[in-house]
Amino acid sequence: MRILFLGDVVGRTGRQAVIDHATTIRAALGVDLLIVNGENAASGFGITPKICESFYAAGVDILTTGNHVWDQREIQGWVDQDQRLLRPLNFPPGTPGRGATMATLPDGRRVVVANVMCSLFMETLDDPFRALAPVLRDYPLGGIVSAIFVDLHGEATSEKMAYGHYLDGQVTAVIGTHTHVPTADHQVLPGGTAFQCDAGMCGDYDSVIGMDKAASLDRFTRKMRGQKLLPANGPATICGSLIETDDATGLARSISPLRVGGRLSPAWPGAEPMPESLMNLHLTGAAADAVG
């Protein structure tokens with residue numbers, strides 16, 4: 001099985017890049033399940049029902065979120081009815097929505113996707129290390145389900161790495177989100193769990209973690225918070241990770257980074273060359289940046 005995960009989608013430019021190119025990427029890489037973190041898709045803060053539907057129409061199977069999940073008010077009435085939209089699993093009991101869901105592929109294989117939020121430098125929620133225990137109990141890897149994927153939303157790389165080792169051998173993959181910067185530590189841990197501290201964002205990297213530079217710099221250099229933070233709207237880079245699983249065990253065979261378009265150096269995990277349309281996306285982005 002091939003699972004593609006795309007990191008935090010930031011603003012219109014990141015959202016449109018994913019919507020425009022998800023189908024091409026899926027087909028080129030033979031993706032069985034596409035998971036996207038969409039928590040910054042609505043003007044950089046949260047997600048709306050309309051945006052959820054646009055992602056699904058573009059071929060996204062499951063949407064995860066994080067600490068910005070409630071930033072758009074209308075999502076609160078939507079999250080209970082949308083079985084494919086997750087909020088962090090370790091919100092207190094009674095919080096609307098769900099933190100894990102099961103996706104069934106056309107061939108009958110089933111995948112559990114869970115969304116967990118870290119504790120260090122983040123809003124205080126229930127213990128993330130214990131949050132997944134009921135899921136692991138009810139859906140044993142390699143038994144009822146063919147894969148278990150965890151989006152770990154958090155700030156501290158130490159906590160993320162500890163979490164990966166804590167679940168090593170029990171889940172297929174633990175991939176981090178939230179920092180908006182792709183890390184180079186993608187690996188299959190000794191027990192067979194694919195891991196990466198952060199998949200990076202889908203957005204404009206000529207920015208401060210996806211937000212316009214001017215307002216961000218004012219906050220750091222002049223301690224001024226009057227100017228509203230808005231997403232940068234230059235060419236987007238699509239960042240994520242491709243995980244290939246072993247159907248017999250549900251564990252990972254490999255994990256490879258994906259970076260397409262925009263400013264970052266490209267990374268294509270497929271055995272075949274990157275499709276020409278995506279190469280043109282990269283070249284277009286580079287040219288646009290060169291001329292401002």
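Trainee: How many residues has the largest nonpolar core?
Mentor: It has 33 residues, and L6, F55, L63 and L258 have the most contacts inside it. A nonpolar core here is a set of buried Ala, Val, Leu, Ile, Met, Phe, Trp, Tyr and Cys residues joined through side-chain atoms within 4.5 Å; buried means under 20% relative accessible area with a 1.4 Å probe, protein chains only. This is a predicted model, where local features need pLDDT of at least 70, side-chain atom pairs count only at pLDDT 80 or more, and totals for chains, interfaces and linings use all residues. Residues are numbered from 1 along each chain as its sequence is written, and side-chain values use heavy atoms, with hydrogens and water left out.
Trainee: And what does L63 touch?
Mentor: Leaving aside residues up to four places away in sequence, L63 touches V36, I47, C52, F55, Y56, R84, L85 and L86. Contact means heavy atoms within 4.5 Å.
Trainee: Switching to β6, why is it largely enclosed?
Mentor: Because 7 of the 7 residues of β6 (147-153) are buried. Strands are DSSP E runs of at least two residues, helices H or I runs of at least four, numbered from the N terminus.
Trainee: Which residues point which way from β6?
Mentor: A147, F149, D151 and H153 point one way, and I148, V150 and L152 the other.
Trainee: How many bridges join β5 to β6?
Mentor: There are 7, and the two strands run parallel; pairing takes at least two DSSP bridges. M117 has H153 in β6 as its bridge partner.
Trainee: And β7?
Mentor: β7 (173-177) pairs with β6 in the parallel sense over 5 bridges, with F149 opposite A173.

Methods
Buried means under 20% relative accessible area, exposed over 50%, partly exposed in between (1.4 Å probe, protein chains only).
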